[in-house]
Amino acid sequence: MVAAVVLLGWNGKSPCNNMMAFMMVVWFSISYPLLVVNAAASYAPTGPLLMRLYNKRSCVAVAHGDMRWKPVFARTSSSPQNPSSNGSLLVKDHKPFPGKSEADVVVIGSGIGGLCCAGLLARYQQDVLVLESHDVPGGAAHSFDIKGYKFDSGPSLFSGFQSRGPQANPLAQVLDALGESVPCVNYDSWMVYVPEGEFLSRIGPTEFYKDLESYAGPNAMQEWKKLLDAILPLSSAAMALPPLSIRGDFGVLSTAAARYAPSLLKSFLQMGPQGALGATKLLRPFSEIVDSLELKDPFIRNWVDLLAFLLAGVKSNGILSAEMIYMFAEWYKPGCSLEYPLHGTGAVVDALVRGLQKFGGRLSLRSHVEEIVVENNRATGVKLRSGQFIRAKKAVISNASMWDTSNLLPKEVLPKSYLDKINTTPQCESFMHLHLGFDAECIQKDLGIHHIVVNDWSRGVDADQNVVLISVPSVLSPDLAPPGKHLLHAYTPGTEPFELWEGLDRRSSEYKQLKAERSEVMWRAVERALGPGFSREKCEVKLVGTPLTHKRFLRRNRGTYGPAIEAGKNTFPGHSTPISQLYCCGDSTFPGIGVPAVAASGAIVANSLVSVSQHSQLLDAIGI
């Protein structure tokens, strides 16, 4: 979900005049998609995401053995360090919190937003320290290793990524700035199981018409063509501005508006009068475009709702048109492809951590922040659970959710209006997860990586227990599982009510029984996708995660996916807070939920804390 006002906090202030704000809103809205199905995490801690890069680098898998994870400080630790496939660094010694207990900037949380922000700040020659509560980095996009199976627990379905060009991605640009890359493997399809039947859905401009002809009929084909003809021209302005050029102050007029004015103007001219008129709808719910085109075919409307829900956790009446248009351009234009990172999504976290430490940044694991210290309405540092105080000379940046960040602050320092805004922001529901490791011998050889199951259109794609997503990444990256094995991650995408689980003792028989009952829908979906050669009884690894798992391991309030902010009704907050020197990044801030969005939020905060000159020099250095 994307904010409707560029660079605005809840105080309503903006550095841009109305015309520039409008143009940047249009660009922002198109440019920061939430690339489909970013399930937050589940149980064990460890790495996250995706990417396509240029210099191929492999990650070395490090077995846990009887070593343990510990904080790592690039400037102070002389212990041997090996990148691991689950996005962390393994060291043998167990010294207490090493290094100096202060930094220019302290970042709370090592999710994608926090690592992008910290890495760029280190690149800007700031002394930055990332404090992570868990024993590995990655946040809600972590991965983990059990019995030689390296599971993803967060993002699993990604579109093609580039750091520049018509579909430039914020995360790719951050990695470019850090001199890091992650090799990926390309593919072009995913299996779909809907009440009408099952089919292999291929991306691209023509393939989906064949599916529509088989399962929906000629009227659906005509309406689909009508929809694509109306919205694809609007995507021409998608990358008029590189995401890395944006900052949250008046300096944006130099780093973005003036620097890229010719390309920005050209993109609007290319859209023509009709496209420019259509651009006014980009900040409205996508359902309004569907309604204006008088699309009535049930399959088309259900399919659009499904795509919207996979993208942002809301149906088409709650998602910005800009997000959907970007996704359509990614999936239904010529030459498009999907990508999955070799060695799993943890390889992306590895790359971000390497980039952070390469430029002198520090990452401290098992460093749980108990409180943000505020003196004279200014954030001056944090207090750890151990009681140690870490001073922040310039800023504290929270990568936690809005609800969890507010809980770290003394209540008396926050204005009532700010607290009320947080407390009344609706939340997405949580997740059920199923992680499996099993023998590949009896499984079909042409098994695809992704499968989506919809049980009943009439209940709505946002109904609990109705949609299941399945990822089998070992199909594309065999090193994620032992030889001859597959690993699988199935989940219900942000539809599991926390209320069902609230107050349960995780050791109780009631909890175990509820886990069995609520996971059955995932087991049935897996059996349908994998066919008769699969046996749940023969799985070597069986792990079920619940909303309480989310809450416990991710420090996520109520185990939530994130804010349920609907287009046309509200906007994501900006990155500043009522507390001086306290900033926020991640999925509770603009542009919203999703890998590209949180990467962009971290970049915006980092850029805003340095001079326009430094920011411009970085853009020059990476050639954008």
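**Aromatic pairs and helix packing in a predicted model**

Phe-328 and Tyr-332 are four residues apart in helix α10, so about one helical turn separates them. In an α-helix, with its 3.6 residues a turn, residues three or four places apart point the same way. In this model, which is predicted, the rings of Phe-328 and Tyr-332 form a tilted aromatic pair, with 5.4 Å from centre to centre and 45° between the planes. Phe-328 counts as buried because its relative accessibility is 0%, under the 20% limit. Tyr-332 is likewise counted as buried, at 2% relative accessibility.

Tyr-332 also takes part in an aromatic pair with Trp-224. The ring centres of Trp-224 and Tyr-332 are 5.1 Å apart and the planes stand at 85°, so this pair is edge-to-face. Trp-224 is buried, its relative accessible area being 1%. In total, 19 aromatic pairs were counted. Through ring pairs, a cluster is formed by Trp-190, Phe-199, Phe-208, Tyr-215, Trp-224, Phe-286, Phe-299, Trp-303, Phe-328, Trp-331, Tyr-332 and Trp-457.

The protein as a whole is considered next. Its secondary structure consists of 17 helices and 20 strands. Of the 624 residues, 64% are buried. Among contacts with a separation of 6 or more, 76% are between residues 24 or more positions apart. The accessible surface comes to about 22200 Å², and carbon and sulfur atoms contribute 51% of that area.

Packing between helices is illustrated by helix α2 (residues 112-123) and helix α16 (residues 595-608), whose axes come within 7 Å and cross at roughly 35°. This crossing of α2 and α16 is right-handed. On the α2 side the contact involves Ile-112, Gly-113, Cys-116, Cys-117, Leu-120 and Leu-121, and on the α16 side Val-598, Ala-599, Gly-602, Ala-603, Val-605, Ala-606 and Asn-607. Ten of the residues in the contact of α2 with α16 are nonpolar and three are polar, while none is charged.

Helices α2 and α16 are also among the elements against which the buried residues of helix α3 pack, together with α11 (346-358) and α17 (612-622). Helix α3 (residues 170-177) is mostly covered, with seven of its eight residues buried. The buried residues of α3 are Pro-170, Leu-171, Ala-172, Gln-173, Val-174, Leu-175 and Ala-177. Just after α3, Gly-179 adopts a positive phi of about 70°.

Apart from neighbours within four places in sequence, the contacts of Ser-430 are with Thr-492, Gly-494, Thr-495, Glu-496, Pro-547, His-550, Arg-558 and Gly-559.

Terms used
Residues are numbered from 1 along each chain as its sequence is written. This is a predicted model: local features need pLDDT of at least 70, side-chain atom pairs count only at pLDDT 80 or more; totals for chains, interfaces and linings use all residues. Side-chain values use heavy atoms; hydrogens and water are left out. Helices (H or I, at least four residues) and strands (E, at least two) are DSSP runs, numbered from the N terminus. Buried means under 20% relative accessible area, exposed over 50%, partly exposed in between (1.4 Å probe, protein chains only). Contact means heavy atoms within 4.5 Å. Accessible areas come from the Shrake-Rupley method with a 1.4 Å probe; for residues, only the protein chains shown count as cover. Axes are lines fitted to C-alpha atoms, for helices over the stretch in contact, and angles run from 0 to 180 degrees between N-to-C directions. A crossing is left-handed if the near helix is turned anticlockwise from the far one by less than a right angle, and right-handed if clockwise. Ala, Val, Leu, Ile, Met, Phe, Trp, Tyr, Cys and Pro count as nonpolar, Asp, Glu, Lys and Arg as charged, and the others, Gly among them, as polar. Rings of Phe, Tyr and Trp (its six-membered ring) pair if their centres lie within 6.5 Å; planes under 30 degrees apart count as stacked, over 60 as edge-to-face and the rest as tilted.
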